[in-house]
Amino acid sequence: MQDTAIRPATRPAPRTDWTREEIAALFDLPFTDLLFRAAEAHRAHHRADEVQLCTLLSIKTGGCPEDCGYCSQSASAESGVKATKLMDVQAVLQSAAQAKDAGSQRFCMGAAWRNPKDRDMPAIIEMIKGVRQMGMETCMTLGMLTPAQTAQLADAGLDYYNHNIDTSPERYEEITTTRTFADRIDTLANVRNAGINVCSGGIVGMGETRADRVGFIHALATLPAHPESVPVNALVPIKGTVLGDMLADTPLAKIDDIEFVRTVAVARITMPLSMVRLSAGRESMSDATQALCFLAGANSIFTGDRLLTAANAGDDADAALFARLGLKPMEGEEPARAAKAERSCAGACAA
Ligand code: SAM
Ligand code: DTB
Ligand code: SF4
C-alpha cells in the first residue's frame with residue numbers, strides 16, 4: 001500500500017526566535033557550563049570527532065571598491081596586495097584538483113568584488129560546473145548578488161554561497177560604509193530563495209563589545225532559516241587596513257581566547273544543525289585554543305597554507321593537530337542539509 005501520510009521531518013527545524021537576552025545569558029554562563037551545553041548540542045547532531053575540510057582560493061584578488069575596515073583587498077587599504085584579474089578557469093580547476101587530492105571536501109572561491117558583473121558570470125559558471133564534476137562541493141563568495149545572478153549560480157549547481165554579516169547590525173556602519181547591513185540581508189535572502197545553501201558568519205576581535213557579539217549571533221540565529229555554514233573568523237590584523245592598524249596601536253586589543261571560544265559555543269548552541277567553521281585566525285591560535293573551539297562545537301576548518309591573502313595554519317600543522325586531538329576529516333552529509341532535504345521531502349510528499 002502506498003504510504004500517503006505526511007512524514008514529519010525527522011529533525012525539527014531549530015529555533016529561530018532567540019532573544020538577545022537569551023543569547024547574552026548563554027555568553028554569561030560559567031565557562032565550563034557553557035562548554036558542556038555546547039558539546040551536548042554538538043553531539044546531538046554531529047560526530048564530535050569529525051571536522052569538515054574546506055579549501056579557499058582567491059579567484060580575483062584586490063582592488064575592491066568596498067571599504068571594509070578589516071580587508072587587505074579593499075582599494076582603500078594600503079596593504080600592498082596587488083589587484084589581479086579574474087583567474088583563468090583552467091587554473092582554478094587545477095587548484096581544485098590539488099585541494100581534492102589533499103582531502104578537501106569543499107572548494108570555496110572568493111572574489112574581491114562589490115558584486116559580480118554580468119560579463120563575469122560565464123567564467124564563474126564554468127568554474128562551478130568544473131569543480132562539481134570533480135566531486136567536490138562548491139562555494140562562491142562574490143559580493144552582492146541580484147536575484148537573476150543568484151538564479152544563474154543555482155542553475156550551474158552552486159552548493160553554497162558565502163556572504164558574511166560580519167558583526168552586529170548596529171556596529172556594521174563602523175566597519176563598512178559602502179553598503180548597509182540590509183544589503184547583506186537582501187543577498188542572503190536571494191541566495192536562500194534560489195535554493196543555494198547559505199554560508200554566513202563574521203569576524204570576532206574587531207574591537208567590538210560583548211553586546212556586539214551577542215547582536216552578531218542573534219542576527220544569524222534569527223534569520224528565517226539558519227545558515228547551513230557559520231564561519232567564525234578571528235580578525236587577522238593586516239597592516240595597512242583600518243582595523244589592522246588601529247588594533248596594532250591598542251594594547252590588549254587582541255580578542256581574548258576564552259571570549260572567542262565562548263562565541264563559538266554560543267553559535268553552536270543557538271544554531272545546532274549548522275556547520276560552525278573555525279575560519280581565519282587559526283594560524284596564530286594555540287593548539288589548546290583550537291581544541292577548546294572543537295570542544296565548543298566548531299566542526300569545520302579551512303585547510304592549506306593560505307586563506308585569501310593571509311596565511312593559514314597549513315596542512316602539516318593541521319595533520320599534527322588532528323593526530324594530537326584524535327580528529328578525522330568529515331565524510332558524508334551535513335545535518336542542516338539533510339534536515340532541509342527531509343523538510344522539502346515532507347512538503348513534496350504532502351502535496
Ligand atoms: N568580497 C566578498 C564579500 O565581501 O562578501 C567576498 C570576499 S570577503 C574577503 C569574505 C569574508 O572574509 C569577509 O566577509 C570577512 O568576514 C572575511 N575576512 C576578510 N578579511 C579578514 C580578516 N583580515 N580577518 C578575518 N576575516 C576576514
Ligand atoms: C570567511 O568567513 N572567511 C574566509 C571565507 N569566508 C571567504 C576568508 C578569510 C579571509 C582572511 C583574510 C585574508 O586571507 O585576506
Ligand atoms: Fe571587498 Fe569583500 Fe574585502 Fe569588503 S571584504 S573589501 S567586499 S573583498
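**Cavities and ligand shells**

By class, the lining of the largest cavity comprises 23 nonpolar, 12 polar and five charged residues. Here Ala, Val, Leu, Ile, Met, Phe, Trp, Tyr, Cys and Pro count as nonpolar, Asp, Glu, Lys and Arg as charged, and the others, Gly among them, as polar. The model is predicted: local features need pLDDT of at least 70, side-chain atom pairs count only at pLDDT 80 or more, and totals for chains, interfaces and linings use all residues. Residues are numbered from 1 along each chain as its sequence is written, chains are lettered from A and ligands numbered from 1 in the order in which they are written, and side-chain values use heavy atoms, with hydrogens and water left out.

A cavity is a set of points, on a 1 Å grid over the protein atoms alone, where a 1.4 Å probe fits but cannot get out; lining residues have an atom within 4 Å of a point. Two cavities reach 30 Å³ or more. Grid points are joined across faces, edges and corners, and a volume is the space filled by probe spheres set on the points.

The largest cavity holds about 860 Å³ of space. Its lining counts 40 residues, with Y70, C71, Q73, N164 and L308 nearest the centre. The elements giving two or more residues to this lining are β2 (106-111), β3 (137-141) and β7 (229-234). Helices (H or I, at least four residues) and strands (E, at least two) are DSSP runs, numbered from the N terminus.

Polar contacts are pairs of N or O atoms within 3.5 Å. An oxygen atom of ligand 2 lies 2.6 Å from a side-chain N or O atom of T309. For the side chain of N233, the corresponding distance is 2.8 Å. A polar backbone atom of L308 is also 2.8 Å from an oxygen atom of ligand 2. Taken alone, ligand 2 exposes 400 Å², of which the protein buries 87% (Shrake-Rupley method, 1.4 Å probe).

α8 gives the largest share, three residues.

Technical notes:
Polar contact = N/O pair within 3.5 Å; in protein donor to acceptor, adjacent residues only side chain to side chain. 1 Å grid on protein atoms, 1.4 Å probe; cavity = no way out; pocket = protein on both sides within 12 Å on 5 of 7 lines; lining within 4 Å.
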